[in-house]
Amino acid sequence: MSTLNAGRENPQETMAAIAGTASAMKVVIVGGGVTGLSAGWWLARSGAQVTVLDKGIVGWEASGRNGGGASHYQSPLFLEEQRMWPHMDALLGYPTEHQKERIVMAVTEKQLRQYHYIAKMNNEMGYRVDLLEADQVRAMVPLAGDNCVGGMHYRFGGHANPQRSVQAYAWALQDLGGRIYQHSPVTDFETQGGKVVAVRAGGVRHECDAVVVAAGPQIAGLMAKLGVEVPLAAARAEMIVTEPAPMMPIGGVDGNGLYGRQTLRGNLAYGGGPHEWLETFEAGPPARPSSPLTRNLARRVAELFPKAAHLNVIRSWAGIVENSPDGRPIIDRMGDPENVTIATMSGVGFGLSPASGHAIRDLVVDGQCSFTDIAKLSLSRFAGIAPDWREQRGWQPLNAERAA
């Protein structure tokens, strides 16, 4: 029997328990991506007066441009992610198009060996994964071809529609009285007595009792204004979308180095690196052109789904993601200023958003996470990191390599 959700109260009981616990607290959230919006929704459910500030349009970066997966079994937030997603449509009051379970299929023996290892690890942790023979995969994934050598079936996890989910968070937050200001880049923080007392954005001063900085790649520059160093590197994560294909029984199918899903219209939406490292600017990337990576993605999608290889790619998109040095999120409440919480999800923000929002709410209101130990996600783990850590990892923009 799976240990998922064992001994936990249901989400409705959680919401009842936090109601009113943050009444009259004014919270400013910098960043209108899925993490900031989820945090805002959780805080508003607790009674806080929430203001979200975004430099552009909410969900316009990677939050609305990703594979939609929600199966992060290696995260300390995983159990809460799995507990919350099936209930998010009802709790938010708007559709996220969440669907359960995922299939991962292999087109090489090397991939299959890796998936067998992952399946064994998950089953030992109590998260059920079924190994599949090639014929079983083809029966469950009608677009698969003769090149499939096997796969695995996650009996947990799932996926949702990133754009619809961002909308749902934003509308639900506003239904609770939260305010969202778009095209309002933060220019300064006003501090007093070791706390941030106001945030300036778009020429407007927003008073606050607490601040959440969840601004993706802009987090490092924003926190530098407060004297806090946050090591991050920005990268472009590109995806492609095909014409509609016949619907598969399970829309979440990964493999061949790809992540993605089939939309409810039948389109295949897939990405899967490699990252293109970028410089970070306060206003975000100066442009979002398509790159040669789209051809690489199209080839790998055709390899994964040979029976869909004839489909045209109808659009591509690129979202900018931030990456910490170890590739894991940073969720932490600062000691100075002591009312500031930072949240950078290092490329896995969408799927973990119901859980990360809960954790951020707990840090802001209670000072510690109530449902899991997130000590390993603290900023302090990077104390003393070398100034040239990006160069050491080779995470350099192409123009920097040319200049060298």
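Student: How many cavities of 30 Å³ or more does the structure hold?

Tutor: The structure holds 1. On a 1 Å grid over the protein atoms alone, a cavity is a set of points where a 1.4 Å probe fits but cannot get out. This is a predicted model: local features need pLDDT of at least 70, side-chain atom pairs count only at pLDDT 80 or more, and totals for chains, interfaces and linings use all residues. Residues are numbered from 1 along each chain as its sequence is written, and side-chain values use heavy atoms, with hydrogens and water left out.

Student: What volume does the largest cavity have?

Tutor: About 40 Å³. That volume is the space filled by probe spheres set on the grid points, which are joined across faces, edges and corners.

Student: Which residues line the largest cavity?

Tutor: Pro 217, Gln 218, Ala 234, Leu 278, Glu 279, Thr 280, Phe 281, Gly 284, Pro 285 and Ile 320. A lining residue has an atom within 4 Å of a point. The lining divides into 6 nonpolar, 3 polar and 1 charged. Ala, Val, Leu, Ile, Met, Phe, Trp, Tyr, Cys and Pro count as nonpolar, Asp, Glu, Lys and Arg as charged, and the others, Gly among them, as polar.

Student: Switching to cores. How many residues has the largest nonpolar core?

Tutor: 50 residues, and those with the most contacts inside the core are Val 27, Leu 37, Leu 77 and Val 364. A nonpolar core is a set of buried Ala, Val, Leu, Ile, Met, Phe, Trp, Tyr and Cys residues joined through side-chain atoms within 4.5 Å. Buried means under 20% relative accessible area (1.4 Å probe, protein chains only).

Student: Which element gives the most to this core?

Tutor: Helix 10, with 8 residues. Helices are DSSP runs of H or I, at least four residues, and strands are E runs of at least two, numbered from the N terminus.

Student: What does Val 364 touch?

Tutor: Val 364 touches Met 25, Val 27, Leu 43, Ala 210, Val 212, Arg 333 and Thr 341, not counting residues up to four places away in sequence. Contact means heavy atoms within 4.5 Å. A second, separate core of 25 residues includes Leu 53, Cys 208, Ala 215 and Leu 222.

Student: Backbone now. Where is the cis peptide bond?

Tutor: Between Asp 336 and Pro 337, with omega about -5°. Pro 337 sits in the loop between strand 17 (330–333) and strand 18 (340–344).

Student: Which residue has a positive phi of about 65° although it is not a glycine?

Tutor: Glu 97. Glu 97 is in the loop between helix 4 and strand 3 (99–106).

Student: Why does Glu 97 count as buried?

Tutor: Because its relative accessibility is 18%.

Methods
On a 1 Å grid over the protein atoms alone, a cavity is a set of points where a 1.4 Å probe fits but cannot get out, and a pocket is an open set with protein on both sides within 12 Å along at least five of seven lines; lining residues have an atom within 4 Å of a point.
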